[in-house]
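Here is a short briefing to read alongside the model. Have a look at the structure first, and then we can walk through its charged, aromatic and nonpolar spots together.

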Amino acid sequence: MASYDLIVIGSGPGGYVCAIKAAQLGLKTAVVEGRETLGGTCLNIGCIPSKALLHATHALHEAEHNFAKMGLKADKPEIDWQQMLAYKNDSIGQNTGGIEFLFKKNKIDWLKGWGSIPEKGKVKVGDEVHEAKHIVIATGSVPSSIPNVEIDEKTVVTSTGALELEKIPEKMVVIGAGVIGLELGSVYRRLGTEVTVVEYLDAITPGMDAEVARNFQKILTKQGLKFVLGAAVQGVETKDGQATVTWKSRKDDSEESLTVDTVLVATGRKPYVEGLGLEALGVEMTERGQVKIDDHFRTNVEGVYAIGDAVPGLMLAHKAEDEGVAIAEILAGQKGHVNYEVIPGVVYTHPEVATVGKTEEQLKEEGRAYKVGKFPFLGNARAKANFSAEGFVKIIADKETDRVLGAHIIGPMAGDLIHEVCVAMEFGAAAEDIARTCHAHPTYSEGVREAALALGDGAIHA
């Protein structure tokens, strides 16, 4: 029986980052993982492979629509779907192999197999039981579905199946207009698929700043995605390799159906805690099936902690990573914490959408006085030169103090631009602090400065 200071169950972004940080702080650490490769959902069947396909198909879009404008003359690219999938798989391999290297570098043991917690201080992997002073549950999440929709990962797929379809479908229905549905819908639209997005609510990207969401939908519609909003899916029937999706309008109860080659179910994710033995152990759960924790990631069972998608909060890889670092620091006797007010979210379509902090809708609900500064990328020289002038930067600040409360960006490299605002918010900066900081020209980041200037005397280039 091996004995450890810490055993982490799960090697996704939360788990592997937690393990590395703990090892750096001197804890004897092991990670339980049943997959053949490390990295969890994110590196194997989530963030990384989807970004590879987004990158490849954006390059295709550029070749088809913008190369000739720049004087680059070439025949229309042919799509080799199998080679594109091979490129995606190579991206996965490089990243998962990198985690294995980091484990060896930091002397972290990989306990191969699926883990359970038979009793306090013990982790069972296969037939072996290991002792641990501390156990961190970092088992992540799996796709959730809706009633009357049977997933076979061939015709009716989750994000997992959508990343490895045998061929590019002619027609596809995406159920759910959230991040996953819109990213993968964009991938297949660029590949020539006719994509229809069916969403229960009356707007896409639930929870996003409403102004950004409206503009986002307009841009995606211009790119060829079709949207059916306010529609409750009644069921999906499969026959002869095709699927018929039926939905009912929430407004007037009228029913419609559409027959397609592939249905992508992108209705969110749920915690994956099956097989851990939590019920027998007496671990308290929330009504939504999440592991219940306190402000220090502790469950009600001594020595058992939980982070990431398995616990309440945003289901984001970087949120899990921050929690992994925080719990490792706490277990090493430090004061680890996570600032949940400054966690960015990104949609990796083109243009990208990035957001952090409060939306206008949230501030109105709170009754807080605020002001808004906006700047369109149409006024940004770099964006215009690069055929990326759609969208805008929007910064929200406290009306009296000018303290930055949130930012919402739709435009080129939005996922990178947002972090300037994240740093500002972490330090409690005012919008004027961003406005008075010199930004290199020509860069997309000038759009952030201009939006901050718009909160004062006014933007220069708008």
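Let's start with Glu153, which sits in the loop between strand S7 (141–143) and strand S8 (156–157); helices (H or I, at least four residues) and strands (E, at least two) are DSSP runs, numbered from the N terminus. This is a predicted model, where local features need pLDDT of at least 70 and side-chain atom pairs count only at pLDDT 80 or more, while totals for chains, interfaces and linings use all residues. Residues are numbered from 1 along each chain as its sequence is written, and side-chain values use heavy atoms, with hydrogens and water left out.

**Surface patches**

- Patch members have over 30% relative accessible area and no salt bridge, with like charges joined within 9 Å and nonpolar side chains (Val, Leu, Ile, Met, Phe, Trp, Tyr) within 5 Å.
- Glu153 is partly exposed because its relative accessibility is 32%; buried means under 20%, exposed over 50%, and partly exposed in between (1.4 Å probe, protein chains only).
- Met70, Leu72 and Phe387 make up a nonpolar surface patch with about 270 Å² of accessible area together, by the Shrake-Rupley method with a 1.4 Å probe, where for residues only the protein chains shown count as cover.
- Phe387, in the loop between helix H11 (381–385) and strand S21 (392–398), is partly exposed at 35%.

**Aromatic pair**

- The structure holds 1 aromatic pair: Trp81 and Tyr188 are tilted, at 5.9 Å centre to centre and 55° between the planes.
- Trp81 belongs to helix H4 (residues 81–105) and Tyr188 to helix H6 (residues 179–190), so the pair ties together parts 107 residues apart in sequence.
- Rings of Phe, Tyr and Trp (its six-membered ring) pair if their centres lie within 6.5 Å; planes under 30 degrees apart are stacked, over 60 edge-to-face, and the rest tilted.
- Trp81 is buried at 7% relative accessible area, and Tyr188 is buried at 0%.

**Salt bridges**

- The count comes to 18 salt bridges, each a side-chain nitrogen of Lys or Arg within 4 Å of a carboxyl oxygen of Asp or Glu.
- Arg436 meets Glu432 at 2.6 Å, N to O; Arg436 is exposed at 66%.
- Asp209, Glu211, Glu360, Lys374 and Lys394 are linked in a salt-bridge network.
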